[in-house]
Each structure stands twice: as C-alpha cells, then as structure tokens.
Amino acid sequence: MSQSQQHKSLTLQIVIAILAAVLVAIALPWALNAAGMADWTSTVFTPISIGGEIFLRLLRMMVVPLVVTSVMTGVLGLGDIRKLGRPGMIAVGYYVTTTFMAVIVGLVLVNLINPGSAIDEEALKKAREEAVVQEAEAANEQGDQKAENGKPKSAGDIAKNLILMLCSDNLIESAAKGDLLPLIVFSIVFAGVLTTMGERVSALTSFIRQANDALMELIMLIMRFAPIGIFCLVAAKFGNAIAEGEFLDTLRKIAAYFFTVVIGLAVHGLITLPAVLWLFTRRNPYRFMLQISDALLTAFSTASSSATLPVTIERTIDNAGVSRKSVDFVVPLGSTINMDGTALYEAVAAIFIAQVLGRDLTLAQQVVVAVTATLAAIGAAGIPEAGLVTMQIVLTSVGLPTSGISTIITIDWFLDRFRTTVNVLGDAMGAAVVDQYFDSDDPLTPVAPAPQVVTVPEEDPVT
C-alpha cells in the first residue's frame, strides 16, 4: 500500500472511531439507565478512559524531544544562520496577524448575534448574583493589595510576561513542565552556534538529524494505534459528560453562545486562513486540509496542540509537501505562540459574559479585549482547556468578574476541541506560507518558481 493510500485509510479509520465513540457515549448511558444501572456508568467508562489516556501520554511523551530536535534540524538546514531572521520574522508576523484577525471575526459575530440575550431569566439572575458576591469578596480580601492583585492586567503587563517567558533559568524544569517557548529559544540559539562551527561539530549535527528522523519513525508507529486511542478518548469524555446530565442541559441554555463560537471558528478556519494560504502560495487550501486531516482529527480528539505536534509535523512534511526545514522551525513555534482559535474563543466569551451581566462594553473596551485576547492566547499553553486560565486575564482587563466563567465552564471542554483544531490548522498553514521565504534574498518577496525552458525540436531539413 502506498503512503498516500495508508494516509487515506488511517484518516477513514479515525473518522469511524470518532463516530463510533459518540454513538457509544450516547447509547451506553441510556442502556445502563434503562436497566436501572445508572450508577455503573462511570465504572464502565473508566477502563475506556485508560486506553485514551495511554494514547495521549504517548503523544505528549514525544513533544519535548521532538521540539528540540525538530527546531535544531530546521535551523541546521538553513546553513547560514543569518537567513533565520527573515523567515523567523515572517513566521511571527503571520501568527500575530492571523490571531488578531481571528479575534476580529469573533468580536464581529458576538456583537451581531448577541448570544447573551438568549439566556433565560433564571440563569441571568444567578450569574449576576454570583458576580456581585465575587466583587464584594474581592474588595474585602484585597484591601491595600488591590493595586497588586485586583488591578486589571494591562496589555503591557502581558507583553512583559511574554518576553520573560522566552528565557528559563532551568531548561530541565521547563521541559518537565512542558514550557516549550524557552526550549525553542535555546534550540534556535544552540543550533545557530553549531552552524558556525563547521566540521568540528559534524558528529553532533548528524546525531541531531538522526534523532529527529528516529522520532518521526516512532510517531508513525504510535499513529497506527490512533483510531483505538481516539475512540477511547472521545467515548470516555462524551459518555461521562452525557451521563452527568449537565452537558446537554447547559448546551441547551447557552446554545446561542456555543454556535457563535463554532461559527466564528468555522469562518476563520474555512475562509480566513484558506484565503491567506491561497494569497501567499496559490495552493488549494481545502486540498491542503485533506492532506493534514489526520493532524486535525487528532487535534479534535485530544484537545491539545502540543500533543498533536508530532502528527502535525509528520503530515505537513509527508502529505502536504512542505519542506522539512520550514516545518521543523515554524510548526513547533506555532504550537506555542499561534492560538487563533483560543484568541477568538476568549474574545467571544468575554463579550458574552458582559452581555449576560448586563454590561455594555464600549468600543475602546472591546479594543482592549481584542489586544488582550491576542496577547493572552500567545502565552496560552498547548494543553486541554488552557484557555480558561488566560480567560481570567481577558476578563480582568475590562473589569469583568472572573465568576462569569462559571456560565460557560460546563461545555468548555467541548469547545476546546474545535478551537484546538483551528490552532493546529493555523500552524500547518503557517509553515506553508513561510516555506517560500527561506531561500529568498528579499524577506518580503516570495521565491518565484524557476522559469520553465521549453525546447522546440528542430524540423528536419527539406530534401
């Protein structure tokens, strides 16, 4: 079977696994409830969840060594370290621009749809009471510390923290915690030094490249078990949520908010990002999505761009045909700072919470939300539901109580899967956009394809 056929077969298997998992998640709690064994639901789903957790841990296990070797391999592939500045600058510019575009899409939709007005009066009253209580408690507890703890974080504070995140005083600790940004900075600097040392480090550079190749082979082996792992992940998560009853009830109450986020992610993932890819590369964006479909399905299943990173790298190189040096450098960077879906979600959620609490945010405040959501998303970890942590930063930036998060937390894990998929799509498309600039002398001009020389055969002489 060819590599293309294997890819299509695996994609089909993953799709079937997701559909089967959803059916099991719906049917099994219903059957147990009908048999008077509703209390057995969590017991039944526990062994299923173990299979999913094993698959997720196998992927996470690969992240730190793969980030280090892939980034170093990408820098070593440049040859001349001075060329790194051009594609690096373009990669960061692409990520910041597309993230801000995602935020704008979210803000436009949430203002047009106004999902907060669809909340029933009982839920509105409860949310507003909780907000008042939290604000009173915060005023009593903080006192003189308000300037330090209660003051909303400004965009400058967030930017300062992001800059400090670039460096670590203990790389081993960063690796253990999964803080990828300082690891990426170290890998870029270290590999850059290696490119200046020539033959003296030839053995070391060969080892790095060989280690990267070996890790990619291991990823392909793990992906053979992806359908089983993904089935376990989705079935356990959906099954427990449906059995508890809160998921469907909350989804019904805040359906307008849910669909606002999903529509926004769909617009960004199916229109905005494809338009950027086509504009800069003239590639068919929807064919590109099919080529990396395994990575997108894995992102939806795991809700973690970091865990999906190995699959994203492998599929973007082998199936989408993006050069290894671009993918090895751009995609790991993107999994850390490119969070289009997360930024869009946080902007929509912040305005929605304001609507629920009856607070009309001015245009200036919504601009603050846009900037803060962009910066906070860049600093978000590539792990499930990391957006809830950075959401608090966005809310406090415009004086909204963090208790508003309770309104959406029940279905956050579900929305997390959609926004993670968009994050991963943006990473892969970013590698394709930046790829054409690696060999360009002009950082703002894509490399033009070599002209085709057509040779016309000479005519036979007339005799």
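User: How far apart are the closest N and O atoms in the salt bridge that Arg419 forms with Asp416?

Analyst: This is a predicted model, in which local features need pLDDT of at least 70 and side-chain atom pairs count only at pLDDT 80 or more, while totals for chains, interfaces and linings use all residues. Residues are numbered from 1 along each chain as its sequence is written, and side-chain values use heavy atoms, with hydrogens and water left out. A salt bridge here is a side-chain nitrogen of Lys or Arg within 4 Å of a carboxyl oxygen of Asp or Glu. Arg419 and Asp416 form such a pair, and their closest N and O atoms are apart by 3.3 Å.

User: By about how much of a helical turn are Arg419 and Asp416 separated in helix 20?

Analyst: Helices (H or I, at least four residues) and strands (E, at least two) are DSSP runs, numbered from the N terminus. Arg419 and Asp416 are three residues apart in helix 20 (residues 409-435), so their separation is about one helical turn.

User: Is Arg419 buried or exposed?

Analyst: Buried means under 20% relative accessible area and exposed over 50%, with partly exposed in between, using a 1.4 Å probe and protein chains only. Arg419 has a relative accessible area of 1%, and therefore it is buried.

User: Which residues are linked with Glu314 in a network of salt bridges?

Analyst: Arg315 forms a salt bridge with Glu314, their closest N and O atoms being 2.8 Å apart. Glu314 counts as buried because its relative accessibility is 2%, and Arg315, at 8%, counts as buried too. The residues linked with Glu314 in the network are Asp294 and Arg315.

User: What distance separates the end C-alpha atoms of helix 9?

Analyst: The expected span of a helix is 1.5 Å times one less than its number of residues. Helix 9 (residues 202-223) has 22 residues and so should span 32 Å, which agrees with the distance between its end C-alpha atoms, 32 Å.

User: What arc do the buried residues of helix 9 cover around the axis?

Analyst: The buried residues of helix 9 are Thr205, Ile208, Asn212, Leu215, Met216, Ile219, Ile222 and Met223. The arc is that of the directions from the helix axis to the C-beta atoms. These residues lie on the same side of helix 9, because the arc that they cover is only 120°.

User: Which residues are exposed on the other side of helix 9?

Analyst: Turning to the other side of helix 9, we find exposed residues there. They are Ala203, Phe207, Gln210 and Glu217.
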